[in-house]
Amino acid sequence: MDRGALGEGKMLQGSLDSSGPRFTPLVVVELASDTKEEAIAWILSRIRDQQQNGGAELLVEQLGPGVGAQEKENPNMFLVGATRQRLLSGAEEVGLFKECNDGSMRGFTCANKHNFKDFEGDGDSFLNMAECQYIIKHELDTLRAKDETHVPGHTQVKLYPGKSIIRRLQSKGILIQIFPLHGQEELKRLSFSWYKKVKLSFQPLDNIRHYYGEGQALYFGFLEYFTFALVPMALIGVPYYLFDWEDYDKYVIFAVFNLVWCTVILELWKRFSASLAYRWGTLSRKKAFEEPRPGFHGTLGFNPVTGRKEPLYPNAKRQLRVYLVSLPFVLLCLYLSLYIMMIYFQMEGWVLSFHDEEPTFWTGILMFIPSIIYAVVIEIMNLIYRYAAEFLTEWENHRLESSYQNHLVLKVLVFNFFNCFASLFYIAFVMQDMVLLRQSLATLLITSQILNQFMEAFLPYWLQRRRNKKMIRKVQKRRTVEEKELPLAEQVRLEADMSTYLVGTQGLDSDLDKNFAIMIFGFTNLVNTQEEIMFPSVWLCPCFILSQGTFDDYLELFLLFGYVSLFSCTYPLAAVLVVLNNVTEVYSDAFKMCRVFKRPFSDPAANIGVWQLAFEAMSVIAIVTNCALIGMSPQVKAYFTESETQLILWTVAIEHMLLAFKFILTFLIPDVPKHIQIKLARLEFESLEALKKKKMLEASDLSKTME
């Protein structure tokens, strides 16, 4: 384990008395407060047992009571760690890629450990804290039931041979959460270099990856790349806004630039992300065999691939749920969104007629009110639909997490796209009112950015600050004011109460359920109630609290990309506003990761996944939209005064040519840079050669034995 992780462990242990843990605590396991004693003993024994006996071979101790401990505190919280040798063998099991002495990235093996860079002595400084926590999480996830028929003390919780114990405990509510601990000293250093100093420089992506893992670092890398990619458009947009603002027809050049821009930046991003993934050792890393989701249920049967007993659910029944329930529900939501959009246009018409009758300064201000109200309604509808989409996708009972994610992303993207952009398409192509299009785009963009900053940064910070103050006041009753560091027990309980940051989409979560309940029932004061263990004991605001994660962050960037690529030719300042938003987003996201949310487990991602396809689909729509806007411009119509049919045919022909150019460009620009392709090919060749030599040695040994 790295020296930073060891240093953190020593610091944490130093905060305890003699009853503290005798190892570096890395991960916290919290069981339900009503878990039976025999169940706890069984779970701990399985975690401690050696691997050959079916255990995880990890170190685990119960967390001691906090300062001024109260009865409402959950006593079933456990600290988990591992020996150095166990972590190294775990690194080999998970296929961790590390840099070799020759500069190449290879899968770590204990047999060749001295061939890897930074492996010195016993390997204390070889693995960083995030990698150690990921290994522990993997070992816990691979715990399998043996001959037990049920969890001891909980006869209703059945167990099946070969099935994941952790997933079963999660689905039955015995296991509340597993989360990695923050490393306070390392977190302070990262915070200082990341967001505490306002400066014009690149983000410390390697430090982010070192602390949070590749998945999180790739998100911040994409956010940074997207921001810099917007700079040329912003630089063109400012003079375009200043000199051609009153001439609404001169947007053809800007639309042409949009066409090229949205295609090129996505192709270049794939190359940049491949370079990052290779440098971090995830580009050629093989995915582990995907196990069923914790929430998956069905009749017990045998998996033909693994031969293990597991729930089976008919695919035909799932498809019926998708097409007969989920699809009609999505269409109903789209119709509701369309209905609300028409109400918005009626409000716009009423305000416009009122302004035309008696134009004053205040009626001019009043003209923006319908767009602002509509923007707020859009955000609320997106929030409510997000919960409904997660509920439906959970109800569809998908077996694999990847399938669940794909169906959820599709539902959310379709509705968000329609809800956010339908009014703009209607104004542009039905009403053909470029003045109203510009006004609506500006209002929607600015209002959504303000709401997102409030929801993602200010409100979570305010809630967490109240929790922190309550915890610190409780600690200071027993300790001197000069002691700034919280004891380990209090630090763990403080982090346990923090909001969960979900890496990817991880299905319905307890935070989502309780926050949606708060959203529905309004302001809820739960102090001094029996439910205080489940709910934070602070005043919670309706509508704006949901568990956040990379899903929400990528979704926000996806919508901003849509605003810029689809209609920014009619509002050149859109790119400027998005650049300013992204700059503040970097600092607010960094702040919430370091101060508001639990530390997420490392996600060894090689790219941004399904979001790459989502952005590329948006770029295709952007080409069609911008071509249509160009065809509608008076500058182009002046060349086709005699026949409107010719104008339509030429517009469609040019649009098809640009789409063909986009797909040709996709093939011409390789996703992986040439020098990385060579390194990967060399690694594959050397692996095949090593395998060939191994087989030859085995054959030679076999022949000698037969002689």
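**View A. Helices α17 and α18 side by side.** In this predicted model, the axes of helix α17 (residues 550-567) and helix α18 (residues 574-595) come within 10 Å and cross at roughly 170 degrees. Axes here are lines fitted to C-alpha atoms, for helices over the stretch in contact, with angles from 0 to 180 degrees between N-to-C directions. The two helices, α17 and α18, are therefore roughly antiparallel (over 145 degrees). Helices are DSSP runs (H or I, at least four residues) and strands likewise (E, at least two), numbered from the N terminus.

**View B. Trp 611 and the largest nonpolar core.** A nonpolar core is a set of buried Ala, Val, Leu, Ile, Met, Phe, Trp, Tyr and Cys residues joined through side-chain atoms within 4.5 Å; buried means under 20% relative accessible area (1.4 Å probe, protein chains only). The largest core has 108 residues, and Trp 611 is one of the six that touch the most other members, along with Trp 194, Tyr 212, Trp 261, Phe 558 and Phe 561. Helix α8 (residues 214-244) gives this core its largest share, 13 residues. Leaving aside residues up to four places away in sequence, Trp 611 touches Leu 413, Phe 551, Tyr 554, Leu 555 and Phe 558, where contact means heavy atoms within 4.5 Å. Apart from this core lies another, of 44 residues, among them Phe 116 and Ile 135.

**View C. Aromatic rings in pairs.** The structure holds 35 aromatic pairs, meaning rings of Phe, Tyr and Trp (its six-membered ring) with centres within 6.5 Å; planes under 30 degrees apart are stacked, over 60 edge-to-face and the rest tilted. Phe 116 and Phe 126 have ring centres 6.3 Å apart and planes at 70 degrees, so they are edge-to-face. Both lie in the loop between β5 (105-107) and α4 (129-141), ten residues apart. Phe 116 is buried, at 4%, and Phe 126 is buried, at 4%. The rings of Tyr 211 and Tyr 212 are centred 4.7 Å apart with planes at 80 degrees, so this pair is edge-to-face. Tyr 211 and Tyr 212 are buried.

**View D. Charges over rings.** The charged end of Arg 321 sits over the ring of Trp 395, 4.4 Å from its centre; such a charge (NZ of Lys or CZ of Arg) is within 6 Å of the ring centre and within 35 degrees of the ring normal. Lys 137 has its charged end over the ring of Phe 601, 5.6 Å from the centre.

**Notes.** Residues are numbered from 1 along each chain as its sequence is written. Local features need pLDDT of at least 70 and side-chain atom pairs 80 or more, totals for chains, interfaces and linings use all residues, and side-chain values use heavy atoms, without hydrogens and water.

Notes: Buried means under 20% relative accessible area, exposed over 50%, partly exposed in between (1.4 Å probe, protein chains only). Angles under 35 degrees count as roughly parallel, over 145 as roughly antiparallel, 65 to 115 as roughly perpendicular and the rest as oblique.
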